[in-house]
Structure formats: structure tokens, C-alpha cells
Amino acid sequence: MNDILNVAVIGCGYWGPNLIRNFSSLQGCRVKRVCDVDEKRLEHMKRLYPAVEPTGNVDDLVHDKEIDAVVVATPVHLHYDLGMRSLLAGKHTFIEKPMAPSATQCNELVELARKKKLTLMVGHTFIYSTPVRRIKEIVDSGEIGEIQYISSRRLNLGLFQKDINVAWDLAPHDISIILYLLGRPPVSINCQGKAHVNRDIEDVTNMSLNFDNGGFAIIHSSWLDPNKVREMVIVGSKKMIVYNDNEPLEKIKIFDKRVEAPPHYDTFAEFQYSYHYGDAYIPYLKQVEPLKVETQHFLDCIRSGSKPETSGLDGLRVVQILEASSQSLKRGGAVVNIDRKLGMAELPA
Ligand SMILES: NC(=O)c1ccc[n+]([C@@H]2O[C@H](COP(=O)([O-])OP(=O)(O)OC[C@H]3O[C@@H](n4cnc5c(N)ncnc54)[C@H](O)[C@@H]3O)[C@@H](O)[C@H]2O)c1
């Protein structure tokens, strides 16, 4: 492998340019080619990055011998096909979230990458963000006690997608953070929701994740809300964390609050004593662009051959939950179990 890694990016719409900008800024990396079916987007990319070679044809870049890695940032329905073509051509592959339209397809991508000894990474960007990493440290230190439940809200007005519902669009972020914090996949899912604007495409959903240790998480996603909300609350047996990603600096607050049921109480006044109110604090968080950390991590994994923190298997786990949420939606919110064996072949014995 050369000192310089040559990267190609497919999809130059809203998100692709952020990936191109970050890969271009990294040492030892060159964005050699960009691909889009929209010529105007290609012209725009060429204006911003005169050295890149634009193309409208995916085959041009997957069969370019100089390309080491391919980044897929297109609409979700193309992720599986483009990911397969990239891996089959022997390229390390980065696929944006959600990894593919079905868990079976994710599994095929995982298997192929493993067989060909290629790095397969998924764009679960929040796992590379300072606040989420800090929350993970706090949780793992035991400071907040046992996690009792996590509640997440990701709401705003639009952007309405045409091929996926709001859960597939917004909840991958919440799900990936929740699995990262809890370190285990759920055993079952319930999801309710409704389509108001486009028939058959839910614009508001409410998902519950149930874990084998009794853990519980709720995710509310909406494109039909007057407020932009990006909030996650992690309730521990000792303390509680509020993570507000809309805050410019003070994104995490840790509250020394809890409720302990007293062993015996005779009056309501006595019951009040079981509420604990202590101090709150706001940790300092270094400002780093998560996408910069994420793109650097992809290059590091290619060079070292190590497994990405957001590997194909992590992408599969998130898609399994999304798929189960769609099944549950169709069945009016019924419980749908998760097949935890899918993808297990990748785990060490
Ligand atoms: N990680 C994050 O935080 C984050 C944020 C936003 C979007 N995303 C993900 O990025 C992906 C792209 O989302 P977006 O908002 O940029 O979508 P978009 O619709 O704005 O852009 C997609 C681009 O892909 C191009 N395209 C379509 N078919 C193509 C093909 N066959 N070959 C080449 N190009 C093709 C389109 O012309 C368009 O320019 C999605 O998977 C989305 O979920 C991730």
C-alpha cells in the first residue's frame, strides 16, 4: 500500500461534500475521484476541489487500480449494490448510515469484507463525537450507577425523505449511541408511528428497545415538529445525564438526582425523603469535528487492519432494529424479536 491512500466518494449531495472536505484535509489521503449522477453536483465539486476527477459512472472508480477505498454517501436504497461492487473490486469500503435496506444485505456485506480481508466501516458519526465519548466514559466509570433507561428525542420540521421513513432517517444516530453506551443489542423492539404528509412514509415514530438485562430505551423521531430537538437523557440508579446536542458548548449536564424507595414509610411526607437532589456539573468538552475523527479512524483501520469502532457488524445491528421497527409499525406496535445470531460469525469465539 502507498503512503498516500486514494479515496473515491460516491454521492455528492448534502452529506457527501462533508466527507470529501474531511478526507481532503487528512494527511496521507487524497480524494482522487468523486461520482454522482447529477452533473451539476460534479461541476460544483470540481470547482471546490480542482484536483479531483469527477465521473458519473461508478465502474470508473471501482475499477480504478489507484483507488484504495470507496465511500458511499448516496440514498440508502443504493448502499448495498454500491457497497458490494466496491468490496468485490477489492476496495476498503465506508458506507453511510443506515448501512443497507435490510439486515440480510448488511450481513452479506460483512461476510464479503471479512472474506476479502477489507475494512468495512459505517458512518455512525456520533460515536466519534466528544460528548458521546465523554458520556461513555462517565457511564463506564460507574458514576451514574446502573443505567435504568435511556430516552432520546430527535425532532424537527422536515427534511421529508421519499424512500425511507423518519425512523430510518433519524433514529440510526440514537440507536448507534444507545448500543454504544449499553454495549449490547436489544432482544426486541416495538414501534408505533404515523404518516401525515406522504402516504405510507411515517413522519413521526416512537420506538422502544427492550434489553435482556431489563434495560429499556425509547426513541422519538419526527419530521413534523416545530422545534429542533436533539436530546438524550440517560437515567442511572445514582445520577442522570442530559445530553443536548443543540447546545453550542454545554452539551452534557450530569445531575446528582435519584429516587430511592424507602424500605418503610407510613405517610406521604416520609415518602418525599426518598428523593435525592445533589449538585449538577457540566464537563468541559474539546471542540472537534466528529467527521474528522471518523474519517481519520477509517484511514487508520485500513492501515492497521484493525476493526473499526463502527464496523459492518455495528451497521448490521442498527439495521436489524430499523427493520424490526418497520415490521412492528405494520403490526400496530407489536413486539418484534431480534435475531441476535445474525452476523455473529464475525465475533471472536
Ligand atoms: N452521518 C451523518 O450524520 C449523516 C448526515 C446526513 C446524511 N447521511 C447519510 O448520507 C447518505 C446521503 O444522504 P444525503 O442527505 O447526502 O442525500 P442527498 O440526496 O442529498 O445526496 C445523495 C447524492 O447521491 C447521488 N446519487 C444518486 N444515485 C446515484 C448513483 N447511482 N451514483 C452516484 N450518485 C448517485 C444524488 O444525485 C445525490 O447528489 C444517506 O445514507 C444519509 O443517511 C449521514
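This is a predicted model: local features need pLDDT of at least 70, side-chain atom pairs count only at pLDDT 80 or more; totals for chains, interfaces and linings use all residues.
**View 1. E66 and R30 link distant parts of the chain.** Here's another salt bridge, this time between E66 and R30, with 3.5 Å between the closest N and O atoms. Follow the chain and you'll find R30 in strand β2 (residues 29-35), while E66 is in the loop between α3 (58-62) and β4 (69-72). That puts the partners 36 residues apart, so this pair links distant parts of the chain. E66 is partly exposed, with a relative accessible area of 44%. R30 is partly exposed too, at 36%.

**View 2. R30 and E66 belong to a salt-bridge network.** Stay with that pair and look around: which residues are linked in a network of salt bridges? They are R30, K32, R33, E53, D64 and E66. If you search the whole structure, you'll come across 21 salt bridges.

**View 3. D256 forms a salt bridge and is buried.** D256 pairs with R258, and their closest N and O atoms are 3.4 Å apart. How does D256 score for accessibility, buried or exposed? D256 counts as buried because its relative accessibility is 18%, and the cut-off for buried is under 20%.

View 4. For a disulfide, the two sulfur atoms have to be within 2.5 Å. C12 is buried, with a relative accessible area of 0%. C191 is in no disulfide either, as the nearest cysteine sulfur, that of C106, is 18 Å away. C191 counts as buried because its relative accessibility is 1%.

View 5. Which way do β8 and β9 run relative to each other? Strand β8 (residues 188-194) and strand β9 (residues 204-210) run antiparallel, joined by seven bridges. To find your place, look for N190, which stands opposite S208 in β9. Now turn to strand β15 (residues 336-337): two bridges join β15 to β8, and these strands run antiparallel as well. Here S188 has N337 of β15 as its bridge partner. In a regular strand, side chains alternate between the two faces of the sheet.

**View 6. A nonpolar patch lies on the surface.** Which residues form this nonpolar patch? They are L157, F160, V197 and L224, and together they have about 360 Å² of accessible area. Zoom in on L224, which lies in strand β11 (residues 224-236). L224 counts as partly exposed because its relative accessibility is 36%.

How values were computed:
Residues are numbered from 1 along each chain as its sequence is written. Side-chain values use heavy atoms; hydrogens and water are left out. Patches are made of residues with over 30% relative accessible area and no salt bridge: like charges are joined within 9 Å, nonpolar side chains (Val, Leu, Ile, Met, Phe, Trp, Tyr) within 5 Å. Accessible areas come from the Shrake-Rupley method with a 1.4 Å probe; for residues, only the protein chains shown count as cover. A salt bridge is a side-chain nitrogen of Lys or Arg within 4 Å of a carboxyl oxygen of Asp or Glu. Helices (H or I, at least four residues) and strands (E, at least two) are DSSP runs, numbered from the N terminus. Buried means under 20% relative accessible area, exposed over 50%, partly exposed in between (1.4 Å probe, protein chains only). Two strands pair if DSSP finds at least two bridges between them.
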